[in-house]
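Welcome! Please take a moment to look over the model below, and then we can walk through it together.

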Amino acid sequence: MPHVITQSCCSDASCVYACPVNCIHPTPDEPDFLTAQMLYIDPVECVDCGACVTACPVDAIKHDGSLSPVEQIFADLNADFYAAPRPRPLLAPPVPALQVRNGAQLRVAIVGSGPAAMYAADELLTIPGARVRIYERLQTPFGLARFGVAPDHQRTRGVTRQFEHIVSDPRVDVVLGTEIGAALSHHDLMAEHHAVIYAVGAATDRRLDIPGTELAGVGTATEFVAWYNGHPDHAHRSYDLSGPRAVIIGNGNVALDVARILTMDPELLAGTDIAPHALNALRHSGIEEVVVAGRRGLGQAAFTVPELAGLCSTPGVEVVVADEHLAALPADDPRARILRTARRQTGDRRIVLDFLLAPSGLLGQQRVQAVQFDGRELIPAPDGSMRVKPNGEQRTVPAGLALTSIGYRGRPVPGLPFDEATATVPHDAGRVSGVRGAYVTGWIKRGATGFIGTNKSCAQETVRSLVADYNVSG
Ligand SMILES: Cc1cc2nc3c(=O)[nH]c(=O)nc-3n(C[C@H](O)[C@H](O)[C@H](O)COP(=O)(O)OP(=O)(O)OC[C@H]3O[C@@H](n4cnc5c(N)ncnc54)[C@H](O)[C@@H]3O)c2cc1C
Ligand SMILES: NC(=O)c1ccc[n+]([C@@H]2O[C@H](COP(=O)([O-])OP(=O)(O)OC[C@H]3O[C@@H](n4cnc5c(N)ncnc54)[C@H](OP(=O)(O)O)[C@@H]3O)[C@@H](O)[C@H]2O)c1
Ligand code: SF4
Ligand code: SF4
């Protein structure tokens, strides 16, 4: 029986290089790596050596025989990936070592301490003698790995053990509670370092431009997540959870996290890293149903298959999708299989995944009472994809809490250029355009997409650019 990659996979590809028979794909050099929702083990080629289990920072790899009933779907998902034959070199491509002139003298400052910063530091530490100083504005390091990842995803949050190991290197110096751009400038950092890597993430969110967003009871998932994870900027917030229904606008993985936290038995969260104020509020919550509303169809939903599988295995929570939406998917689509299986699970609370609803207004006097949507329908496009168009109908969904979950957004960094359209810092392979010594990695470089491990290859590209520039500098 082979090994199987499960839900907590964050796509950092550590397992790829541990596997002696190169049966874990896509590898970072393969074209589908950046779009894959996780990595997959070829069940036919796996020789069950277990090397990948030790390499995985989030305990995502299990032996087939030890999968729990709700994890069985991952055996299918791994096998399905290899249904069509794919070229498989005997060995995974080696990662080329950095060639550095005077590497022992290299001094680099990194701004931020989230996953992108950690992977950049890890890469720099492969250079003998190089030193790294990390500046973090908060008193607690590791960015969204601490303040974003849901508290019930303890295996994923375990990636911070790897980050602790990186910062424990004597060549790394971590300065907490120091905001670059306020306490110190780019100029100040350049006085003591050869280069500065900005890994400041995407601290704010996209705003929904519809009437009613100022009403009490309307908020953003960004703030709600930060609140339940105890982020110091958001600990003062309070949410009225007394109404029976909440509506979440947008259906990415963050929306699923929030829907799960709002509906799961709070006692399952006790003992996790959830903030005590949030646990207390959830224990007194009256919410019975959360509606997650996507503006396109089920086939175009932003959430990933592993996260949907996780959602559908939340104990005591029923996940509901109308037949008309399920019917739009091919019968063998993994999302259809997961949702059909989920129908057997009943619970005291429900998550309704609804589709083809474009938000048009938030209704109420002082407080939100309902969310209004314009209905849409799917139409086939000439290229074979499905488009949406208004169908002239309106839907009003009563709600005591309405959260927008329509994506995170980067903020300008003092002293660096900023592209308002993409909310990123313009760069060329990580080199910031027009600012000597400045580099970017992570969400401020690519925009707010991708998993924790996606930031690893992103940081490696930036460090390669930095080293190439250092090698040719005076
Ligand atoms: C709610 C949520 C849940 C997620 N869950 C998962 C998951 O389960 N699995 C998964 O694989 N991926 C998950 N992701 C994605 C993952 O968290 C991101 O890919 C990753 O955190 C991005 O890394 P980053 O380093 O670019 O940014 P961040 O993690 O945001 O780190 C940026 C850091 O920079 C600091 N900073 C900002 N400005 C300054 C400044 N001026 N000076 C000093 N410090 C500064 C910030 O305080 C922060 O610590 C989740 C994302 C979100 C939003
Ligand atoms: N467990 C995990 O691995 C995990 C957990 C959380 C987050 N993450 C990652 O973090 C990244 C950010 O996640 P996210 O959920 O914040 O963003 P996201 O995946 O980009 O989803 C944003 C959602 O908002 C919708 N939207 C955008 N603008 C809208 C508008 N004006 N009106 C209505 N809906 C609108 C999008 O719809 P359209 O699709 O129609 O544009 C989409 O459903 C993602 O890459 C995600 O995978 C991973
Ligand atoms: S168990 Fe061994 S052979 Fe199988 S995927 Fe993991 S490393 Fe590769
Ligand atoms: S998290 Fe990394 S090591 Fe673990 S299964 Fe996913 S890609 Fe492999």
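A polar contact here is a pair of N or O atoms within 3.5 Å. This is a predicted model, in which local features need pLDDT of at least 70 and side-chain atom pairs count only at pLDDT 80 or more, while totals for chains, interfaces and linings use all residues. Residues are numbered from 1 along each chain as its sequence is written, chains are lettered from A and ligands numbered from 1 in the order in which they are written, and side-chain values use heavy atoms, with hydrogens and water left out.

Let us start with ligand 2. An oxygen atom of ligand 2 sits 3.0 Å from a side-chain N or O atom of N251. For R295, a side-chain N or O atom is 2.9 Å from an oxygen atom of the ligand, and a polar backbone atom of G450 is 2.8 Å from a ligand oxygen. The protein buries 79% of the 930 Å² that ligand 2 exposes when taken alone (accessible areas by the Shrake-Rupley method with a 1.4 Å probe).

Where does ligand 2 lie? Domain 2 (103–203 + 410–472) and domain 3 (210–404) both give residues to its shell, so ligand 2 lies between them; the domain bounds come from an automatic or database assignment.

Now turn to helix 4, residues 115–124 (helices are DSSP runs of H or I, at least four residues, and strands are runs of E, at least two, numbered from the N terminus). Nine of its ten residues are buried, meaning under 20% relative accessible area with a 1.4 Å probe, protein chains only. Among them are P115, M118, Y119 and E123. The cover over these buried residues includes strand 5 (107–111), helix 7 (159–167) and helix 17 (454–472).

Methods: Polar contact = N/O pair within 3.5 Å; in protein donor to acceptor, adjacent residues only side chain to side chain. Buried < 20%, exposed > 50% of the residue type's maximum accessible area, 1.4 Å probe, protein only. Contact = heavy atoms within 4.5 Å.
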